[in-house]
Amino acid sequence: FLKGKSVIITGSTSGIGLAYAKAFATEGASVVINGFGDEGEIEKERAALEETSGAKALYDAADMTKPDRIEAMVRRCHAELGGPDIVIANAGIQHVARIEDFPPEKFEAIMKINMTSAWYLFRAAIPHMKEKGWGRILSTASAHSLVASPNKTAYIMAKHGIAGLTKTLALETATDGITVNCISPGYVWTPLVENQIPDTMKSRGLTREQVMNDVLLAAQPTKQFVMPEEVAALAVFLCRDEAKAITGANYSMDGGWTAQ
Ligand code: NAD
């Protein structure tokens with residue numbers, strides 16, 4: 001149902017972002033993927049997206065810490081694919097440490113990549129959406145946009161910021177045919193989660209098993225990781241016409257975490 005539409009997904013060379021790209025390509029959208037990684041692997045994924053969608057797929061290496069690169073990516077999408085009709089702010093990194101031990105450069109990077117980049121992306125995309133009278137703006141927030149856990153000050157500040165940006169922009173665009181929502185997953189099984197296991201082992205003095213069961217899934221009553229494809233399926237639904245009344249919402253997909 002997305003034939004003729006274009007979608008930009010930040011941080012889509014891996015994890016949830018790549019699952020979004022595949023799900024949107026399955027609906028026929030042309031896709032701009034973004035993020036870091038092995039060039040050959042990225043090219044393989046890009047070509048596979050074209051195969052799936054029957055539409056164009058582009059790779060743009062814009063670094064989310066650089067506003068001018070974000071704006072250039074939106075201009076490139078407009079020139080080569082039209083739109084963007086849908087944008088998804090998804091790029092994100094994590095760092096786990098007590099505030100006293102938290103390196104300021106990590107703090108700044110997380111604020112830029114996980115939060116500020118979304119503001120620049122949406123700011124650049126909205127004029128194109130207004131022109132068409134249709135648009136869908138999404139972010140991958142987190143259960144940490146709603147509740148906190150220790151040792152993640154930067155991440156939790158950034159995700160609460162995404163929740164606030166979502167609500168504010170939903171009001172600003174309410175009569176423009178544009179919806180603005182975010183999805184707040186609990187622990188999703190991706191490289192981001194896998195990579196924070198060693199840091200958590202170190203900061204809390206635990207084994208890998210203990211981190212998985214007693215820390216990561218401790219908060220998730222279902223005791224199961226969310227799968228990236230499940231997050232992507234919700235994002236696709238939010239782009240349907242049936243979802244046009246859903247705006248300013250923050251959808252939890254967290255195995256009951258924030259129900260506690
Ligand atoms: P991931 O590490 O698999 O993917 C992160 C993506 O962001 C990669 O494509 C990476 O290249 C890209 N990226 C990193 N720095 C970038 C930069 N400076 N510029 C451009 N791209 C950059 O992680 P993931 O788990 O798929 O996470 C995706 C989003 O989902 C993040 O915003 C994360 O906070 C959020 N999230 C993840 C979970 C989880 O449990 N995995 C839970 C809730 C929310």
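Which unit do strand 1, helix 1 and strand 2 make? A few notes on that and the rest follow.

1. Ground rules first. This is a predicted model, where local features need pLDDT of at least 70, side-chain atom pairs count only at pLDDT 80 or more, and totals for chains, interfaces and linings use all residues. Numbering runs from 1 along each chain as its sequence is written.

2. To the opening question: strand 1, helix 1 and strand 2 make a right-handed β-α-β unit. Right-handed here says that, with the strands pointing away from the viewer, the path from the first strand over the helix to the second runs clockwise. Helices (H or I, at least four residues) and strands (E, at least two) are DSSP runs, numbered from the N terminus. Strand 2, helix 2 (residues 39-53) and strand 3 also make a right-handed β-α-β unit.

3. Strand 2 has parallel partners in strand 1 (residues 6-9), through four bridges, and in strand 3 (residues 57-60), again over four bridges. Pairing takes at least two DSSP bridges between the strands. For landmarks, Ser6 is bridged to Ser30, and Val32 stands opposite Leu58.

4. Five of the five residues of strand 2 (residues 30-34) are buried, so the strand is largely enclosed by the rest of the structure. Buried takes 20 or more other C-beta atoms within 10 Å of a residue's own, exposed 12 or fewer, and partly exposed is in between, with C-beta atoms placed from the backbone. Ser30, Val32 and Asn34 point one way, Val31 and Ile33 the other. In a regular strand, side chains alternate between the two faces of the sheet.

5. Val31 turns up again in the largest nonpolar core, which has 64 residues; Tyr20, Phe24, Leu121 and Ala235 are also among those with the most contacts inside it. Such a core is a set of buried Ala, Val, Leu, Ile, Met, Phe, Trp, Tyr and Cys residues joined through C-beta atoms within 7 Å. Helix 4 gives the largest share, 11 residues.

6. On to the ligand: 30 residues surround it, the closest being Gly11, Gly15, Gly35, Gly92 and Leu192. Being near takes a C-beta atom, placed from the backbone, within 6 Å. Helix 1 (15-26), helix 4 (104-132) and helix 6 (191-204) each supply at least two shell residues.

7. Backbone spots worth a look: a cis peptide bond joins Gly83 and Pro84, with omega about 0°. Pro84 is in the loop between helix 3 (67-81) and strand 4 (86-89). Lys223, not a glycine, has a positive phi of about 60°; with 10 C-beta neighbours inside 10 Å, Lys223 counts as exposed.
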